[in-house]
Amino acid sequence: MRLLERFEALSPIYNEGLTNHLPMMIVALQKLGIEDDDIEFISEEYVGRKHIPDLTDKYYVKSKDEIEYVTLTNLYITKINKLGKEEVVRWYLNKAKFALVSGLFHGLIRLSYALMTDSDLLVAQAMAYFDIIYFECDLNYDIKLNESKELKKLIEYRKSSITSFEKGSTMKKLEELINHDYIRNNLFSIRENEQERMLTLFVNQYLKTKDFYMLHVITGFHALITLKDYFKDFEEVLDNFFVHGILFNLLHDYKKDEYDFVPSEIKMFENRIGDLRDAHEIKLLHSTLELYKLYKIEDLKKIITAIFL
């Protein structure tokens, strides 16, 4: 808690909207067994490298989003003090059930990490951050129940017919895919043993591409599973998440060769965890280890290899 408290006044964003991953990094590194002194050094290095502003600095001029973030944090702290953390999070997640994709799932992920701590403030800040990146997207589609051959068909169509996107931002690209008739009409979900099969598909696609979007789908899936008990209709939420995962899979350009990895045990790399500096890799490693405990999918061990190569 000491480290989290030390950095709690930092902005949740930097460089015109990029996500400050530090609160999640600290928790992930603690869960991975790194000593606090080492985490403190990594954190200081991260803040300096990313130039993340301190919102209590009287000389720093806050952006509109940062002002809203502070206001919303105070609002959610008040709600938590009045109603209790569990009740407020349950209310928030059900309100936001079609917005879990926001900011490449970062709102969802940050909230899941906040709930791994005892800090009401981190939870309030996570919901406040979620609000400033909020992007609601109810797909409202007829679910097909299929899997790999449908994905292959979508990928082939993406490669042959969608050679570029009109907009640069991730959410704008996502909207383009959603509004594309062929893509929309061929989206699908998985129902039998759905969680394990969904994760297997995501993992396999990440291992083939090492795609940045699929990395977020895996860490987002981990966050979703940790929060499942907060949702009134988790199956509906899971279907929506899965289809967004498929859509993110289609953002990859598929111009690179496929990768091939062998599975590794984490004990092979334990002495190198403290050398990791990429926030996404740190969170991916934590998610991989936790997801393996739940699903025993052997290909998850290949991700460990991919991280440390």
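What follows is a walk through this structure, from the whole protein down to single residues.

The model is predicted, so local features need pLDDT of at least 70, side-chain atom pairs count only at pLDDT 80 or more, and totals for chains, interfaces and linings use all residues. Residues are numbered from 1 along each chain as its sequence is written, and side-chain values use heavy atoms, with hydrogens and water left out.

Start with the whole protein. It holds 15 helices and 2 strands. Helices (H or I, at least four residues) and strands (E, at least two) are DSSP runs, numbered from the N terminus. The radius of gyration is 19 Å, close to the 19 Å that the globule rule gives for 309 residues, so the protein is as compact as a globular protein of that length. That radius is taken over C-alpha atoms, and the globule rule is 2.2 Å times the number of residues to the power 0.38. Along its principal axes, the C-alpha trace spans about 55 × 45 × 35 Å.

Now look at the inside and the surface. Buried residues make up 54% of the 309 residues. Buried means under 20% relative accessible area, exposed means over 50%, and partly exposed lies in between (1.4 Å probe, protein chains only). The protein exposes about 14700 Å². Carbon and sulfur atoms supply 47% of that area. Accessible areas come from the Shrake-Rupley method with a 1.4 Å probe; for residues, only the protein chains shown count as cover. Contacts also span the sequence. Among those between residues at least 6 apart, 77% join residues at least 24 apart. Contact means heavy atoms within 4.5 Å.

Next, find helix H14, residues 279-295. Its 17 residues reach 24 Å from the first C-alpha to the last, close to the 24 Å expected at 1.5 Å a residue. The expected span is 1.5 Å times one less than the number of residues. In H14, 12 of the 17 residues are buried, so the helix is largely enclosed by the rest of the structure. Among them are Ala 279, Ile 282, Leu 285, Leu 291 and Tyr 295. What surrounds them? The buried residues of H14 pack against helices H2 (22-31), H3 (36-50), H6 (102-114), H11 (194-209), H12 (212-226) and H15 (300-308).

The two ends of H14 have their own details. At the start, a side-chain oxygen of Asp 278 reaches to within 2.9 Å of the backbone nitrogen of His 280. His 280 lies in H14. At 14% relative accessibility, His 280 counts as buried. Leaving aside neighbours within four places in sequence, His 280 is in contact with His 21, His 106, Phe 212, Leu 215 and His 216. After H14 comes Lys 296, whose phi is positive, near 55°.

Helix H3 is one of the partners of H14. H3 has 15 residues and reaches 21 Å from its first C-alpha to its last, close to the 21 Å expected at 1.5 Å a residue. Which of its residues are buried? They are Ile 39, Glu 40, Ile 42, Ser 43, Tyr 46 and Val 47. These cover an arc of only 165° around the axis, which puts them on the same side of H3. The arc is that of the directions from the helix axis to the C-beta atoms. An α-helix has 3.6 residues a turn, so residues three or four places apart point the same way. On the other side of H3, Asp 37 and Phe 41 are exposed. The buried residues of H3 pack against helix H1 (2-6), strand S1 (13-14), strand S2 (18-19), H2 and H14. Just after H3, His 51 takes a positive phi of about 55°.

Move to the loop between H1 and S1, where Ser 11 is found. At 0% relative accessibility, Ser 11 counts as buried. Leaving out residues up to four places away in sequence, Ser 11 touches Asn 20, Ile 52, Pro 53, Leu 55 and Glu 66. With Glu 66, the side chain of Ser 11 makes a polar contact of 2.7 Å. A polar contact is a pair of N or O atoms within 3.5 Å; within protein, one must be able to donate a hydrogen and the other to accept it, and residues adjacent in sequence count only if both atoms are side-chain atoms.

Finish with Glu 16, in the loop between S1 and S2. Glu 16 is exposed, with a relative accessible area of 84%.
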